[in-house]
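Let's take a walk through a protein model together.

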Amino acid sequence: KRNLFERSTMAVTDPIADMLTCIRNANTANLDMTEFPNSKLKLELARVLKDEGYIDGYEVVNQDAGKPRIRVQLKYVSGKRRVITGIKRISKPGLRVYVGKHDLPRVLGGLGVAILSTPRGVMSDRDCRKQGVGGEVLAYVW
């Protein structure tokens, strides 16, 4: 039986898209958790997802074994109803998407969240509006 955490040996050209796909696939399969390789940007994305209430938690595992990974606890309400109904990568390596502080996107009229990489760190569109900064739009989550 194949392990769901097992990854192919192909090089990943877009690690953020790979992370979002892992979360999307585990969410669709109603899994309790998923894992993917660790990086500072992925940790910040997981922090924003936790702060916005889309996941239960995250932790770095296998630090002693050499290749640390991030383990994300997915969140469900009333049985197995998903909290994350959609997750989409916006800015890609071939086409970067930047917005100014006056052009911040609203996902589903404010029901979802846009995650941006700004000069002040990775934050949600709500935090960007409060702090008056723009940046690169990494993903939409709803």
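How many bridges join strand S8 to S10? Five bridges do, and strand S8 (residues 113-118) and S10 run antiparallel. Before we go on, a word on what you are looking at: this is a predicted model, in which local features need pLDDT of at least 70 and side-chain atom pairs count only at pLDDT 80 or more, while totals for chains, interfaces and linings use all residues. Residues are numbered from 1 along each chain as its sequence is written, and side-chain values use heavy atoms, leaving out hydrogens and water.

Helices (H or I, at least four residues) and strands (E, at least two) are DSSP runs, numbered from the N terminus. Two strands pair if DSSP finds at least two bridges between them.

Now stay with S10, which spans residues 135-141. Across from glutamate 136 in this strand you can find serine 117. Tyrosine 98 also stands opposite glutamate 136; strand S7 (residues 98-99) is joined to S10 by two bridges, again in the antiparallel sense. Strand S6 (residues 87-89) pairs antiparallel with S10 over three bridges, and there isoleucine 87 faces valine 141.

Is S10 mostly covered or mostly open? Six of its seven residues are buried, where buried means under 20% relative accessible area, exposed over 50%, and partly exposed in between (1.4 Å probe, protein chains only).

For a last stop, visit helix H2 (residues 40-51), the place of glutamate 44. Glutamate 44 has a relative accessible area of 30%, so this residue counts as partly exposed. Its C-alpha atom is separated by 15 Å from that of cysteine 128, 84 residues apart along the chain.
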